[in-house]
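Trainee: Could we go through this structure together, one question at a time? I would like to learn how each answer is reached.

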Amino acid sequence: MTETSSEKKRIAADDQHFRDLLARLPAHLVAPPDAEADHASKFYKNHGGKAPEAARKERRAEAQAQKRDRRAAAGDAPSGNFDGLDDAAAATPSLATSAEPLDEVRARLRSRLDGFQQGRGGEAKSSKKRTKREAAVASGEAQRQAAHEAKRRKKRDETKAAKKAARP
């Protein structure tokens, strides 16, 4: 296939026309920016910095270390067996070191338990709430059992009806 000069002129004119159209387009449409860089700037706001939670944890750990160091320097180092209870609880003797007979300890415990069961001022606590609650629980249990029994009866009747219908 040989190209004639008219075809070459037409191709050159078309080429010039397309180059002119490309020159009129904005640069961001012809060659879009890097997609990865755009994606990173759009969705990841903390470039190169630590997450706020990590920074907060580090600051807290440093503050605790400084506090520990200050206490150690002052001679107030916490003991290794610290259980978080008050000193008053540690001052009360345990049952094993007490010289009281076991019956007296039991009597004291029984009197404290009775005191807990009493209301304010020494009068007996109202058991109205407890009885209502117990009745509600019992009635709920009865309702559940009745519903379960009704389901069983219904299923049994359905199976009987299906067997009866299946007989010739």
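**Salt bridges, helices and surface**

Mentor: Let's begin with a pair of side chains: Glu149 and Arg152 form a salt bridge, with their closest N and O atoms 3.1 Å apart. A salt bridge here is a side-chain nitrogen of Lys or Arg within 4 Å of a carboxyl oxygen of Asp or Glu. Please keep in mind that this is a predicted model, where local features need pLDDT of at least 70, side-chain atom pairs count only at pLDDT 80 or more, and totals for chains, interfaces and linings use all residues. Residues are numbered from 1 along each chain as its sequence is written, and side-chain values use heavy atoms, leaving out hydrogens and water.

Trainee: In which helix are Glu149 and Arg152 three residues apart?

Mentor: Side chains of opposite charge can pair when their charged atoms come close. Here, about one helical turn separates Glu149 from Arg152. Helices are DSSP runs of H or I with at least four residues, and strands are runs of E with at least two, numbered from the N terminus. The helix that holds both residues, spanning 128–166, is α7.

Trainee: Is Arg152 buried, partly exposed or exposed?

Mentor: Buried means under 20% relative accessible area, exposed means over 50%, and partly exposed lies in between (1.4 Å probe, protein chains only). Glu149, with 29%, is partly exposed. Arg152 has 48% relative accessibility, so Arg152 counts as partly exposed.

Trainee: How many salt bridges does a search of the whole structure find?

Mentor: Besides the bridge between Glu149 and Arg152, Arg19 meets Asp15 at 3.1 Å, N to O. Arg24 and Asp20 also meet in a salt bridge, at 3.1 Å, N to O. The search of the whole structure gives three.

Trainee: How far apart along helix α1 are Arg24 and Asp20?

Mentor: Arg24 is exposed at 61%, while Asp20 is partly exposed at 33%. Because they are four residues apart in helix α1, the separation of Arg24 and Asp20 is about one helical turn.

Trainee: Which class does Arg19 fall in, buried or exposed?

Mentor: Its partner in the salt bridge is Asp15, which is partly exposed at 38%. Arg19 has a relative accessibility of 55%, so Arg19 counts as exposed.

Trainee: How many residues of α1 are buried?

Mentor: Helix α1 covers residues 5–24, which makes 20 residues. The helix is hardly covered, and its count of buried residues is zero.

Trainee: What distance does helix α1 reach from its first C-alpha to its last?

Mentor: The expected span of a helix is 1.5 Å times one less than its number of residues. For helix α1 the expected value is 28 Å, and the reach in the model is close to that, at 29 Å.

Trainee: How many helices does the protein chain have?

Mentor: Along the sequence the pattern reads α-α-α-α-α-α-α. There are zero strands, and the number of helices is seven.

Trainee: What share of the 168 residues counts as buried?

Mentor: The chain exposes about 16,100 Å², and carbon and sulfur atoms supply 55% of it. Such areas come from the Shrake-Rupley method with a 1.4 Å probe; for residues, only the protein chains shown count as cover. Of the 168 residues, the buried share is 1%.
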